[in-house]
Amino acid sequence: MCGKDYLRSGYYKSLEKYMLRAKRVVKDIVPPILTLRGIEQEASAPINIALIKYWGKRDEELRLPNNSSISLSFKNLRSRVSLRAILDGTRGEHKIFLNGRKVSVFSNFYQRLASFLELFDIPNFFEIHISSDVPIAAGLASSSAGFASIVLALNDIYDMKLNRRQLAILSRIGSGSATRSLHDGFVMWPRGEEEDGSDSYGVALNYRLPQLRLAILLLDRGKKMISSTLGMSRAMENQKVYKIWLEESSADFHRLCFALQSGDLWGVCKIAQDNSNRMHALMRSCVPPINFNSMNTVRALEQIARIRSDGVEVFYTQDAGSNLKLLYHERDHDCLVREFRNLMLCEIE
Ligand code: PMV
């Protein structure tokens, strides 16, 4: 048993059944007949970092969030995808490469991507190369940008002519926060109310904070220990504290919108840091607790506290991994580069 036969068996088959509603949503968006426009297509999408975190799903299958989130996309840090149609007709499976290394058909990543492609009912198999400017699976949002790139590449290779809203909905079904990687700058992803998720997708916010800098503080390159999916479901089991998280995150969301509107750089940094701390406090209060910090995170947080007590305003945000992202004023950039040798500078304007 190989290729599509394998994919149609066991695990995959149950996934296929489970994904029926997602399939319906995708079917309503993509054209009924897909014909290749060429045999190769490349696309890329920016890495986005959440300032207000999406944490918990109201619908697992359609990847609809329990709370609205806001992110900031990098201009110069991206994930890239190249699709090449396999036309020899012999092998009934996709070939997937992550940063040049072939991904096993049995791996979770392969299954996840193949089942996503299956939703489109595409008539071809592809050799798919995915690469990223940041370490993959280290909690640095590379896979979100990867899924957004795949949607963009499919749109082009089949000449689907989809609009940003449709692309953002498809990306969300691939990997929740991917919906925010369709735009540069600040992006809002509303929770939405509709069951089919038609009102829940990434929308560009036209605010600019030219002096704000966002940089990745690369502390650990390794694969993160706990997936966001697992973290989110553990958080939701922690019902009482999760309810408080939802209320606070909604208040943070509105506070951040206001700070963005008023061009309040320090307000934006502080609200983002508070929101991140709330998410990690929620995780530490789960049973059993989840702590995303590594020793390097603990040391970096101490270093940040020291730098702040020396008078340099620097803030951080942390996702489902041990790496940190720093938020600061451009005037402090040189000082922070001296402090942290592993700072990846990111252009956001
Ligand atoms: O989209 P996912 O499943 O990678 O979840 C993203 C979760 C966080 O990065 C922690 C928060 C966010 O909004 O990006």
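Trainee: Which residues in helix 3 meet which residues in helix 6?

Mentor: Keep in mind that this is a predicted model. A22, V25, V26 and I29 of helix 3 meet Q166, I169, L170 and I173 of helix 6. As for the spacing, an α-helix has 3.6 residues a turn, so residues three or four places apart point the same way.

Trainee: At what angle do helix 3 and helix 6 pack, and how far apart are their axes?

Mentor: Two packed helices are described by the angle between their axes and the distance between the axes. Here helix 3 (residues 20–29) and helix 6 (residues 164–175) pack at about 160°, and their axes are 11 Å apart. Angles over 145 degrees count as roughly antiparallel, so helix 3 and helix 6 are roughly antiparallel to each other. The crossing of helix 3 past helix 6 is left-handed.

Trainee: Which residues of helix 7 are buried?

Mentor: In helix 7, which spans residues 228–237, the buried residues are G231, M232, R234 and A235. Viewed down the axis of helix 7, they fall within an arc of 165°, so they line one face of the helix. The cover over these buried residues includes strand 2 (57–59), helix 8 (239–261) and helix 9 (265–284).

Trainee: Where does K161 lie, and is K161 buried or exposed?

Mentor: K161 is in the loop between helix 5 and helix 6, and at 65% relative accessibility it counts as exposed. Its phi is positive, about 55°, although K161 is not a glycine. K161 is also among the residues touched by N155, along with M160, L162 and L167, leaving out residues up to four places away in sequence. N155 itself lies in helix 5 (residues 142–157) and is buried, with a relative accessible area of 9%.

Trainee: What is the phi of N99, and where does N99 lie?

Mentor: N99 has a positive phi of about 45° and is not a glycine. N99 lies in the loop between strand 5 (95–98) and strand 6 (101–102). With 44% relative accessibility, N99 counts as partly exposed.

Trainee: How many disulfides does a search of the whole structure find?

Mentor: The search finds zero. For C257, the nearest cysteine sulfur is that of C269, 16 Å away. C257 is buried at 18% relative accessible area, and C269 is buried at 0%.

Definitions and conventions:
Residues numbered from 1 in each chain as written. Predicted model: local features only at pLDDT ≥ 70, side-chain atom pairs only at ≥ 80, totals over all residues. Heavy atoms only, no water. Buried < 20%, exposed > 50% of the residue type's maximum accessible area, 1.4 Å probe, protein only. Helix = DSSP H or I, 4+ residues; strand = E, 2+ residues; numbered from the N terminus. Arc of directions from axis to C-beta. Contact = heavy atoms within 4.5 Å. Disulfide = S-S within 2.5 Å. Axes fitted to C-alpha atoms, helices over the stretch in contact; angles between N-to-C directions. Parallel < 35°, antiparallel > 145°, perpendicular 65-115°, else oblique. Left-handed = near helix turned anticlockwise from the far one by under 90°.
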